[in-house]
Amino acid sequence: MLDNYIAEVLVSPEELKETIQKLGEKLTVEYQDKNPLVICILKGAIFFMTDLVRAMNCDLEVDFMDVSSYGDAFESSGQVRILKDLDQSVKDRHILIVEDIIDTGRTLAYIVELLKHRQAASVKIVTLLDKPERRVMAIEADYVGVEVPNKFVVGYGLDYKQGLRNLPYIGVLKPEMYE
Ligand code: PRP
């Protein structure tokens, strides 16, 4: 049972649904008539992104980008590398970056700069979770679902050694799993 890995539930399936619905309503207003390119940062954000765009009642397109920052380690290495680039051009497009979590901010600092360099018309960030205690880069999301404490969070896309992404809620991993 996956629940056996979890010390506590931080965001229940019902709270996730409500949070995403509210974000979707705000983003519907923001992006009405802008046909944004919604960029999902693989792999963690894919669960959030698919639910979020279905809560956005406006024209939009989706694309995917994969970058590495953590690998299987617990700490961000400080290095960001593109593993899969976008298929579409961002030039003159309104871009909404979708993340599952902002931790140190290194991943997003790199991606935002890259997209500005590629001449996007605008770049905004929506993140399901924000862990501000861990920030080392001056980066803030335009839209935040839930602020979380500095604990090892998993589920709904967030992994522990590539597993537990399919938990239907956000939970805190039991410390004995990684100590
Ligand atoms: C996680 C998360 C963010 C990033 C946040 O991705 O999805 O992209 O780390 O960390 P930062 O703010 O310290 O840069 P990860 O590299 O673990 O890949 P994954 O989404 O494929 O699990």
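Does D85 count as buried, partly exposed or exposed, and what is its relative accessibility? At 29% relative accessibility, D85 counts as partly exposed, where buried means under 20% relative accessible area, exposed over 50%, and partly exposed in between (1.4 Å probe, protein chains only). The structure is a predicted model, in which local features need pLDDT of at least 70 and side-chain atom pairs count only at pLDDT 80 or more, while totals for chains, interfaces and linings use all residues. Residues are numbered from 1 along each chain as its sequence is written, and side-chain values use heavy atoms, with hydrogens and water left out.

The chain has three helices and nine strands, and from the N terminus on these elements run β-α-β-α-β-β-β-α-β-β-β-β; helices (H or I, at least four residues) and strands (E, at least two) are DSSP runs, numbered from the N terminus. The radius of gyration of the chain is 16 Å, close to the 16 Å that the globule rule gives for 179 residues, so the chain is as compact as a globular protein of that length; the radius is taken over C-alpha atoms, and the rule is 2.2 Å times the number of residues to the power 0.38. Of the 179 residues, 49% count as buried. Among contacts (heavy atoms within 4.5 Å) with a separation of 6 or more, 68% come from residues 24 or more positions apart.

Turning to the charged side chains, a search of the whole structure finds twelve salt bridges, each being a side-chain nitrogen of Lys or Arg within 4 Å of a carboxyl oxygen of Asp or Glu. One of them joins D85 to R118 (2.7 Å, N to O). D85 lies in the loop between β4 (81-84) and β5 (94-102) and R118 in the loop between α3 (106-117) and β6 (122-130), so the pair ties together parts that are 33 residues apart in sequence. R118 is partly exposed, with a relative accessible area of 27%.

Another salt bridge links the side chains of R54 and D51 (3.0 Å, N to O), and these residues, three apart in helix α2 (residues 46-54), are separated by about one helical turn. R54 is exposed, with a relative accessible area of 64%, whereas D51 is partly exposed at 31%.

The side chains of D92 and K91 also meet in a salt bridge (3.5 Å, N to O); D92 is exposed, with a relative accessible area of 55%, and K91 counts as partly exposed at 43% relative accessibility. Elsewhere, salt bridges that share partners join E30, K34 and K124 into one network.
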